Amino acid sequence: MSLFFTAPIALSGFLLLPILYFLLKILPPKPKRVLFPPTRLMQSIASVESKPFRSPWWVLLLRMLIAALIITAMAGPQWRPNGASTDYSNKTLIIVDDGWAAASDWDLRIKKVESLIHELRNNNAPVALLISNEPKNIALIDHNNALDIIRSLKPKSYIPNYSELKDFITKFIRENKNINIIWISEKYGHADINDFINFISDLKNKVSNVSIFINSSPIITLSNPINSQKSLNLKINAYDLKNQLYSLIASDQSGHCLYKNDITINSGQSENIDIDLPLEIRNQISVVKLADHHSASSVILLDDNTHLKRVGLYGSIKDDQSQPLLSSLYYIDKALSKIASISHVRSGNNDPIKSLLDEKPSILILSDLLLSSEEDKKNIENFVDNGGILLRFAGPLTAKNIDDYVPVRLRHTGRVLGGALSWQTPKSIKDFDRTSPFFQLPISYDVIINKQILAEPDAGLNFKTWASLDDGTPLITANKLGRGLIILFHITADNSWSNLPMSGLFVSMMERIVALAPETFSVKEDETYKERNSQQIAMKPIKLLDGFGNFMDEIPNSASISDNFTISPTRVNPAGFYGDAFYKRAIQPIGPMERIEHINVLSNSIPIQSLSTGIEIDLRGYFLIIILILFLLDGVVSQGIKKFSIKNAIIHSMIIILALSIFSLQSDAKAAESKDFFNSKEVESALKSRLAYVVTGNTNIDQVSHLGLLSLSQALRQRTSYAPGDPVGIVLGQDDLSFYPIIYWPIDPITAQPSSTTIQALSNYLNHGGTIIFDTRDANNHLMENKQSAEQVWLGQLSQKLPIPELEPVPRDHVITKTFYLLTDFIGRYHNGQTWVETQTYPEASNQNERPIRASDSVSSVIVTSNDLAAAWAEDDFGQPRYSLSATRKNQHEMAIRGGINLVMYTLTGNYKSDQVHVRDLLERLAR
């Protein structure tokens with residue numbers, strides 16, 4: 001252990017302490033009170049000789065101590081627990097690892113390197129730096145320059161390539177003798193990390209000393225994202241961790257949270273985590289990360305190829321299901337099974353095309369089908385015009401009967417190659433052109449074409465051709481229709497005309513086509529596919545990660561990647577997104593084939609030290625605190641100098657402390673009294689009407705509620721005469737509910753049921769005109785068949801304790817649908833959930849379908865929905881939805897806001913709006 005100073009020249013101030021001692025030793029004479037007349041005063045002054053007064057020894061000692069502490073603090077005292085364990089008088093090479101494995105303890109790592117550089121500077125020892133992810137020739141640099149480099153360093157999103165460092169280190173050792181090597185190492189890395197530690201170990205005989213410092217922080221990695229038919233699956237590996245709770249968060253490309261779940265992670269366990277969300281929501285996920293682990297290793301990036309596309313598949317009715325290998329759909333199904341969610345037509349379906357389009361697919365695949373129905377043609381035309389992809393395969397039926405929904409003009413007869421009446425042999429596929437989306441896919445010359453449908457040689461055929469045979473005849477053609485595409489394979493989808501569907505090339509082709517799906521790619525009106533596909537060849541970096549797992553503000557000089565890359569992150573291609581606004585690919589921080597290995601410290605005799613070893617502690621702050629305390633003490637004890645009594649000084653100090661304590665107690669009492677009799681939330685709510693939501697204790701749910709009601713309140717102020725204040729969160733059992741006309745309650749099944757006191761307060765609120773909107777937020781669980789969700793079970797238990805009336809789905813003629821806007825339903829983040837209100841019957845109405853507008857005197861005290869209203873109400877600073885929506889309704893955010901306005905106006909106005917609808921009938925009655 002050692003104590004050193006960053007500015008030791010300041011210690012020369014101790015030479016002035018003797019002078020200060022004599023200055024403090026003598027005090028002016030004590031003042032003496034005398035009485036008039038002046039002559040008496042003059043006589044007394046003349047006859048009495050004043051003598052200097054000496055300070056008490058304890059006052060002198062106190063002030064000398066203050067002066068000594070000031071001098072010591074100015075010298076910059078530093079404390080190193082285990083400093084000087086190594087002789088740092090020689091030249092020293094410091095190797096610093098700066099990969100993602102160093103991010104979790106980055107501050108400690110930087111402090112350690114700064115400590116080493118300070119010690120080398122104090123010993124006048126030269127220093128050299130080697131940053132593992134920035135390999136270059138090593139040179140001795142100034143200590144201040146070395147500090148600037150270290151302080152500006154940031155961790156990278158990839159692990160160092162240690163094989164690149166060996167030559168630079170060997171050259172530096174050869175040019176410099178008697179050097180020390182200090183390696184600030186990461187504890188985990190690639191397989192070459194142990195090769196590098198063996199290399200460092202072999203240098204012990206060539207250098208003066210070798211030291212290795214490693215981190216001890218836990219490492220967590222996320223890898224292998226698989227978007228399956230049911231859920232998004234991730235693999236989690238943890239090292240040096242035990243029963244730690246983390247929050248797993250999935251967000252879209254704008255940073256809006258789509259999913260959050262707390263998980264417990266243990267070291268040494270490889271676990272698979274499923275993110276169970278609807279396909280529409282999962283396909284909007286862009287980033288998955290552990291919020292509490294600041295490292296790129298705990299981040300997963302989801303690109304356009306990871307998003308699962310929905311594909312509708314329909315083949316010829318002549319397919320024999322008992323012989324699947326002969327089916328026209330079998331090979332398509334196998335090629336898409338891992339990259340798409342496939343929808344088939346069920347047997348007995350009278351309208352297969354419409355049923356497939358109703359499932360909102362990205363791609364509709366038709367195998368040897370003729371479109372004869374006008375309704376089917378109209379539905380497909382609307383589907384493609386809105387950005388969908390129609391993929392068709394030829395066959396005997398389409399060869400004889402050609403409809404209009406093909407990309408090029410076709411001949412009515414097929415072309416037979418290698419047949420009895422043909423002079424031509426089967427053809428192979430020609431290398432793909434640069435403008436084709438299949439560019440750079442390896443051609444398999446075992447693939448041959450025996451039969452095809454020929455295209456008419458019209459103008460522009462070359463621009464519509466994505467693949468052709470070696471004689472130049474088109475094999476795959478495509479053309480735009482509106483914002484979508486029509487693609488045609490001029491062969492069958494089975495092996496009757498070609499063995500292409502049985503090849504790996506066919507799988508790659510289907511993957512490229514699926515990548516063009518509208519969920520991840522939208523065509524501009526003025527953009528041709530030729531231009532778009534040429535951009536796809538070399539994708540530039542658009543968003544890159546740093547070692548902490550955050551996106552960098554600036555994009556460093558990084559190389560582009562090709563669409564068929566299979567690489568792990570490197571210095572040239574860091575982890576992040578590459579591509580453009582229409583199509584992007586991701587390089588994960590943890591590559592698909594990467595193995596993370598622990599540093600093998602047993603294979604060599606180099607002592608391994610912790611990063612916390614030798615970290616100096618700056619003592620100046622502590623010295624300043626002590627000096628301040630002593631100054632205050634000096635001011636207190638000086639009050640007792642007149643009588644030279646320590647006792648008086650102590651008494652004065654106790655009086656001051658007691659006065660401060662009494663003042664503190666009085667302040668606390670006043671604050672408590674103010675809290676009991678003055679609640680600012682209630683006063684503000686009494687002065688200005690506000691919407692309220694129930695605080696569940698779940699931060700994510702409460703944030704959504706607040707932002708949703710905030711946007712709804714703003715819309716009410718802009719569109720209606722009702723101008724509410726900002727929404728407020730209420731805590732059940734603590735806050736008075738009577739100030740709020742409407743309360744939004746998102747159900748969280750994890751929370752406990754309300755207490756009996758809270759139930760009584762809720763009952764009083766409902767019985768005296770209050771309205772509660774219960775939102776179970778579970779409309780996306782439409783696949784649960786007849787099972788109740790956890791939210792429904794929780795709400796059912798609550799309803800047994802509250803005076804909830806009988807409920808019914810909102811009738812189309814209910815006044816709630818007409819209070820401000822004319823609506824048919826109340827949608828939120830989801831649209832398929834039902835909204836329930838209090839049942840009201842009208843005996844005078846013989847036909848319930850002809851019931852009049854509701855004319856009850858009261859408002860439904862309870863409204864129940866499952867559509868997650870607040871998430872749909874919430875908007876960002878640009879008026880766009882803050883959270884992703886189910887994307888099945890046009891203007892979904894606007895329609896949700898309108899529904900919210902209707903709910904509020906219904907609660908506030910009640911039967912006034914109902915009477916207003918009947919104003920004509922009322923005026924006629926008054927005229928009578």
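**Notebook: strands, a buried aspartate and a surface patch**

I started in the sheet, where strand β8 and strand β10 (residues 209-214) run parallel and are joined by 6 bridges. Strands pair here if DSSP finds at least two bridges between them. Helices (H or I, at least four residues) and strands (E, at least two) are DSSP runs, numbered from the N terminus. The model is a predicted one: local features need pLDDT of at least 70, side-chain atom pairs count only at pLDDT 80 or more, and totals for chains, interfaces and linings use all residues. Residues are numbered from 1 along each chain as its sequence is written, and side-chain values use heavy atoms, without hydrogens and water.

**Entry 1: around β8**

I followed Ser185 across to β10 and found Ile214 as its bridge partner. I then turned to strand β5 (residues 91-96), which also runs parallel to β8 and is joined to it by 6 bridges. There, Lys91 has Ile179 of β8 as its bridge partner.

Why is β8 largely enclosed by the rest of the structure? I counted 7 of the 7 residues of β8 (residues 179-185) as buried, so the strand is largely enclosed. Buried means under 20% relative accessible area, exposed over 50%, and partly exposed in between (1.4 Å probe, protein chains only). I checked each face in turn: Ile179, Ile181, Trp183 and Ser185 are buried on one side, and Asn180, Ile182 and Ile184 are buried on the other.

**Entry 2: helix α7**

I moved on to α7 (residues 192-202), a mostly covered helix with 8 of its 11 residues buried. I noted Phe196, Ile197, Phe199 and Ile200 among the buried ones, and the list also includes Asp192 and Asn194.

**Entry 3: the loop between α12 and β22**

I looked for Asp403 and found it in the loop between α12 (396-400) and β22 (410-416). Is Asp403 buried or exposed? Asp403 is buried, with a relative accessible area of 9%.

What does its side chain meet? I found a polar atom of the Asp403 side chain 3.1 Å from the backbone nitrogen of Leu371. The backbone nitrogen of Tyr405 lies 3.0 Å from a polar atom of that Asp403 side chain. Leaving out residues up to four places away in sequence, Asp403 touches Leu369, Leu370, Leu371 and Arg392; contact means heavy atoms within 4.5 Å.

I found Val408 in the loop between α12 and β22 as well. Val408 counts as buried, at 9% relative accessibility. With residues up to four places away set aside, Val408 touches Ala455, Leu461, Lys464, Thr477 and His490.

**Entry 4: the surface**

I found a nonpolar patch on the surface formed by Ile70, Met74 and Phe631, with about 300 Å² of accessible area together. Patch residues have over 30% relative accessible area and no salt bridge, with like charges joined within 9 Å and nonpolar side chains (Val, Leu, Ile, Met, Phe, Trp, Tyr) within 5 Å. A salt bridge is a side-chain nitrogen of Lys or Arg within 4 Å of a carboxyl oxygen of Asp or Glu. Areas come from the Shrake-Rupley method with a 1.4 Å probe, and for residues only the protein chains shown count as cover. Ile70 belongs to helix α3 (residues 57-74) and is partly exposed at 33% relative accessibility.

**Entry 5: the whole chain**

Of the contacts with a separation of 6 or more, 74% join residues 24 or more positions apart. The accessible surface of the chain is about 46900 Å², with 53% of it belonging to carbon and sulfur atoms.

Key: A polar contact is a pair of N or O atoms within 3.5 Å; within protein, one must be able to donate a hydrogen and the other to accept it, and residues adjacent in sequence count only if both atoms are side-chain atoms.
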